[in-house]
Amino acid sequence: MADSTVTEPSPPLIHLDPMGTDRHGEAARMRELGPVVRAVLPGDVQMWVVTDYALLADLAADPRVGRDWRNWHALQRGEIPGDWPLLSMIRLNNAMARDGAEHRRLRRPLIRTFTRSRVERLQPRIKQIVTTLLDDLPDQVGEDGSVDLRRHYAYPFPMQVICELIGVPEAWWPKFRELIDTVVRADTTAEEFVATQQERHDLWQRLIAMRRVEPADDLTSALLAINDEDDGDALTDEELEDTLWMLIGAGHETSISLIVNATRALLTHPDQLALVRAGDTDMWDRVIEETLRWDAPVGNFPARFPVEDITVAGVTIPKGDAILAPWSGVNRDPAQFGEDADRFDITRTSQKHLAFGGGPHVCIGPRLARLEAAIALPELFARYPDLRLAVDPAELTAVPSLFSNSVRSLPVYLGRPRG
Ligand code: HEM
């Protein structure tokens with residue numbers, strides 16, 4: 001389904017693998033095709049892709065290019081089915097999907113409540129959660145002697161942090177995990193998509209109603225308190241619900257991937273792990289930044305929409321078309337990171353990645369994501385100094401998703417715990 005008529009020399013077309021099987025290979029192939037290409041997504045929906053790091057950074061900051069899906073002509077024309085599963089990442093009523101003054105109005109309450117001090121206050125609790133998960137890991141070891149670090153460590157951890165931060169009751173966590181998984185998975189059916197929308201709506205409405213009656217020390221209550229201040233930053237219930245959903249979605253899957261990808265990178269690059277062990281704590285920051293560059297948690301992220309025709313590298317992208325941002329792909333652009341951009345190297349001088357996006361929509365969660373990883377990774381490697389992969393790295397399979405860049409499981413042998 002084309003969403004515009006291209007009049008200039010047609011840009012190269014590439015079918016994206018919705019299962020993300022060879023994400024970095026695919027990104028390299030797109031880059032070889034040119035700085036601006038057309039991609040075919042599941043459901044035959046086409047989007048532009050800007051494959052060049054510098055051009056994508058400029059595009060993200062370009063005021064003529066927004067994220068408001070109401071400007072997507074193909075959607076307006078009814079060419080995108082209302083139950084197209086990827087719409088759950090696009091058709092939102094929160095900051096991610098609004099531009100200009102409306103975007104600022106929706107983002108401001110988050111900036112006001114999700115503050116540096118709120119994140120810093122989480123530190124002891126994050127440490128506790130990590131310690132408990134590490135204590136429990138040996139109980140999760142299977143008959144073959146291995147344990148899946150994704151499932152039993154990286155997966156439960158950020159969800160617990162973000163749910164506690166938002167104030168989601170513990171009994172609901174498994175349900176939220178299931179709902180997020182449904183959104184991220186590439187094979188979600190239209191029926192599942194519709195059911196997910198309804199279920200999440202019901203849960204959020206219950207939480208909002210609960211916190212209205214009885215506020216707690218959490219983000220939901222803080223956002224509701226801002227609503228009461230009547231200073232122009234008030235969110236409607238629908239906006240609040242979509243904002244909380246965005247936080248849980250954005251803060252869960254991405255952080256899991258960061259921890260999994262960093263662990264996998266270190267276990268498959270023993271020279272780099274040795275550098276970390278020999279160095280000071282700064283080395284962990286380097287591991288985190290290099291993982292965000294080399295194996296960014298967000299692969300291809302939909303979508304941006306120009307509000308007027310724009311020209312990128314000599315190619316006109318018409319107003320109202322959709323653009324996909326290949327964040328993990330541009331982080332390996334040799335024009336930005338040199339010919340060894342594909343190498344995991346924690347000592348590289350430039351780690352200026354775009355893993356958190358760019359422009360006015362840049363991620364609001366880097367502080368929390370970095371704090372989580374800065375606790376989870378050193379604690380894991382300190383507790384299990386003999387940690388090693390239980391399978392050949394080539395056997396690790398990708399999370400079946402267009403946007404989430406990680407592996408489905410990370411089987412390891414723990415070895416003898418320290419202390
Ligand atoms: C390693 C972890 C994370 C990564 C890699 C990541 C990545 C991203 C990316 C690529 C975007 C899109 C930016 C753009 O379109 O230019 C984004 C947006 C966003 N992220 Fe994150 N994120 C992470 C963690 C978090 C966390 C922990 C939170 C909050 C709890 C969060 C909240 C958000 C929000 C609210 C937005 C939308 C901002 C806007 O549109 O104004 N993220 N993130």
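Helices (H or I, at least four residues) and strands (E, at least two) are DSSP runs, numbered from the N terminus. With that in hand, welcome to a quick tour of this predicted model, in which local features need pLDDT of at least 70, side-chain atom pairs count only at pLDDT 80 or more, and totals for chains, interfaces and linings use all residues. Residues are numbered from 1 along each chain as its sequence is written. Helix H12 (237-268) and helix H17 (366-383) each supply at least two residues of the shell around the ligand, and six strands form an open sheet of mixed pairing.

**Around the ligand**

- The ligand is surrounded by 28 residues, and the closest are Gly251, Thr254, Gly357, Cys363 and Gly365; a residue is near a molecule or strand if its C-beta atom, placed from the backbone, lies within 6 Å of it.
- Helix H12 gives the most to this shell, with seven residues.
- By type, the shell holds 19 nonpolar residues, eight polar and one charged. Here Ala, Val, Leu, Ile, Met, Phe, Trp, Tyr, Cys and Pro count as nonpolar, Asp, Glu, Lys and Arg as charged, and the others, Gly among them, as polar.

**The six-stranded sheet**

- Strands of a sheet pair through backbone hydrogen bonds, either parallel or antiparallel. Two strands pair if DSSP finds at least two bridges between them.
- The strand order is E1-E2-E3-E9-E6-E4. Strand E1 (13-15) and strand E4 (65-66) stand at the edges, each with a single partner strand, so one side of each is left without a neighbour in the sheet.
- E1 runs parallel to E2, joined by three bridges, and His15 stands opposite Val40 in E2.
- Five of the six residues of E2 are buried, which leaves this strand mostly covered. A residue is buried if 20 or more other C-beta atoms lie within 10 Å of its own, exposed if 12 or fewer, and partly exposed in between, with C-beta atoms placed from the backbone.
- Strand E3 (residues 45-50) and E9 are parallel and share two bridges; Trp48 stands opposite Ile323 in E9.
- Strand E6 (residues 300-306) pairs with E9 in the antiparallel sense over four bridges, and Pro302 has Leu324 in E9 as its bridge partner.
- Within strand E9 (residues 323-326), Ile323 and Ala325 point one way while Leu324 and Pro326 point the other, and all are buried.
- E4 and E6 run antiparallel, with two bridges; Val65 has Pro306 in E6 as its bridge partner.

**Helices beside the sheet**

- Helix H1 (residues 23-33) lies across E1, strand E2 (36-41), E3 and E9, at about 170° to E1. Axes are lines fitted to C-alpha atoms, for helices over the stretch in contact, and angles run from 0 to 180 degrees between N-to-C directions.
- Helix H2 (residues 53-61) lies across E3, E4 and E9, running at about 110° to E3.

- Helix H14 (residues 282-294) has 13 residues and reaches 18 Å from its first C-alpha to its last, close to the 18 Å expected at 1.5 Å a residue. The expected span is 1.5 Å times one less than the number of residues.
- Buried residues of H14 include Trp284, Ile288 and Trp294, and its buried residues pack against H12, helix H13 (270-278) and H17.
- Ile375 lies in helix H17 and is buried, with 22 other C-beta atoms within 10 Å.
- Leaving aside neighbours within four places in sequence, Ile375 is in contact with Ile126, Lys127 and Val130; two residues are in contact if their C-beta atoms, placed from the backbone, lie within 7 Å.

**Backbone details to look at**

- Most residues other than glycine have a negative phi, and most peptide bonds are trans.
- The peptide bond from Pro302 to Ala303 is cis, with omega near -10°, and Ala303 lies in strand E6.
- Asp44, in the loop between E2 and E3, has a positive phi near 65°. Asp44 counts as exposed because it has 10 C-beta neighbours inside 10 Å.
- Ala313 sits in the loop between strand E7 (310-312) and strand E8 (315-317), and its phi is positive at about 50°.
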